[in-house]
Each structure stands twice: as C-alpha cells, then as structure tokens.
Amino acid sequence: MCKTDNSGGCIVSKNLLNKQGKLKWCFRENSMNDIDTGWRFLSDMDTEEYINDSSNLSVCSINSIIQLEPAVLSILHLPTGTDVALEYEGLKKFFVNSDGERI
C-alpha cells in the first residue's frame, strides 16, 4: 500500500473508519497543531447532525485514510481551503471541487 512518510494526522468520520460508508467529502482547514494536516474526511452517509457530534469523529493518520481510499494521494498537496468530493463512475473515481470541476 502506498504511504507517505511522516504523514501527520487528520479528522475522520467513524462511518468511514468502520467501513459503513465510502469516502465522499474531503476538505482542508487550518491545522490545529504541528501534527494536524488540516485534512477532514467524511463518508457518503454522514449528515450534518452526525458530524456535529464529536463522538462520531476520530483522529487518525493520513496513512490510514490512504489505506481506505488510495485516491486521496492525488489531493494531499492541495492547500488549506480545499473542498472536494470523490465521485464514482463505475470503476472510475475522481475528485470534483465545489464548482463541479474535476481535480
């Protein structure tokens, strides 16, 4: 599996970590500390109510997310403020920004 060295941490929906949902939303906020990359990853089944309850979120390494969805490697270089969704077309996967443009 592809990994990054010293990957850092991120915040992830437990639905994604528990494989109850597929990766859907990825956004990057300002880091909270030196270990935090600012990346946040949510599943296709997460609701606003669900993610507003902090017990439904977990801190993990970026490498854990890469293991769940290797496509994440293609966006890790994007800056703070990035907000993308992972789209699925059959076996193809691609990220789109808030304007619907492929990344």
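V12 stands opposite F41 in strand β3. Strands count as paired if DSSP finds at least two bridges between them. Helices (H or I, at least four residues) and strands (E, at least two) are DSSP runs, numbered from the N terminus.

The model is predicted: local features need pLDDT of at least 70, side-chain atom pairs count only at pLDDT 80 or more, and totals for chains, interfaces and linings use all residues. Residues are numbered from 1 along each chain as its sequence is written, and side-chain values use heavy atoms, with hydrogens and water left out.

**Strand pairing**

β3 also pairs with β2, in the antiparallel sense and over five bridges. In this pairing L23 stands opposite S43. W25 has L42 as its bridge partner in β3. β2 is joined to β5 as well, by three bridges, and these two strands run antiparallel. There C26 stands opposite V84.

| Strand pair | Sense | Bridges |
|---|---|---|
| β2 and β3 | antiparallel | five |
| β2 and β5 | antiparallel | three |

**The enclosed strand**

How many of the eight residues of β3 are buried? Eight of the eight are, so β3 is largely enclosed by the rest of the structure. Buried means under 20% relative accessible area, exposed over 50%, and partly exposed in between (1.4 Å probe, protein chains only). Both faces of β3 are covered. On one side lie D36, G38, R40 and L42; on the other lie T37, W39, F41 and S43.

**The core**

The largest nonpolar core has 19 residues. Such a core is a set of buried Ala, Val, Leu, Ile, Met, Phe, Trp, Tyr and Cys residues joined through side-chain atoms within 4.5 Å. C10, C26, W39 and F41 have the most contacts inside this core. Two or more residues come from each of β1, β2, β3, α3 (62-68) and β5 (83-89). α3 gives the most, with three residues.

C26 shows how these parts meet. Leaving aside neighbours within four places in sequence, C26 is in contact (heavy atoms within 4.5 Å) with W39, R40, F41, I75, T82, D83, V84 and F95.

T82 is found in the loop between α3 and β5. It counts as buried because its relative accessibility is 11%. Beyond four places in sequence, T82 is in contact with C26, F27, R28 and W39. The T82 side chain reaches the backbone oxygen of P79 at 2.6 Å.

E29 has its place in the loop between β2 (23-28) and β3 (36-43). With a relative accessible area of 37%, E29 is partly exposed. Which residues does E29 contact, leaving aside its neighbours within four places in sequence? They are G38, R40 and T80. With R40 the link is side chain to side chain, a polar contact at 3.1 Å. A polar contact is a pair of N or O atoms within 3.5 Å; within protein, one must be able to donate a hydrogen and the other to accept it, and residues adjacent in sequence count only if both atoms are side-chain atoms. The C-alpha atoms of E29 and V59, 30 residues apart along the chain, are separated by 14 Å.

**K19**

K19 lies in the loop between α1 (14-17) and β2. Its relative accessibility is 67%, so K19 counts as exposed. K19 has a positive phi of about 60°, although it is not a glycine. Most residues other than glycine have a negative phi.

**The whole chain**

The protein has three helices and six strands. Along the sequence they follow the pattern β-α-β-β-α-β-α-β-β. The radius of gyration is 13 Å, close to the 13 Å that the globule rule gives for 103 residues, so the protein is as compact as a globular protein of that length. This radius is taken over C-alpha atoms, and the globule rule is 2.2 Å times the number of residues to the power 0.38. The C-alpha atoms fill a box of roughly 35 × 30 × 30 Å, taken along the principal axes.

Buried residues make up 41% of the 103 residues. Among contacts between residues at least 6 apart in sequence, 59% join residues at least 24 apart. The protein exposes about 6300 Å², and carbon and sulfur atoms supply 48% of that area. Accessible areas come from the Shrake-Rupley method with a 1.4 Å probe; for residues, only the protein chains shown count as cover.
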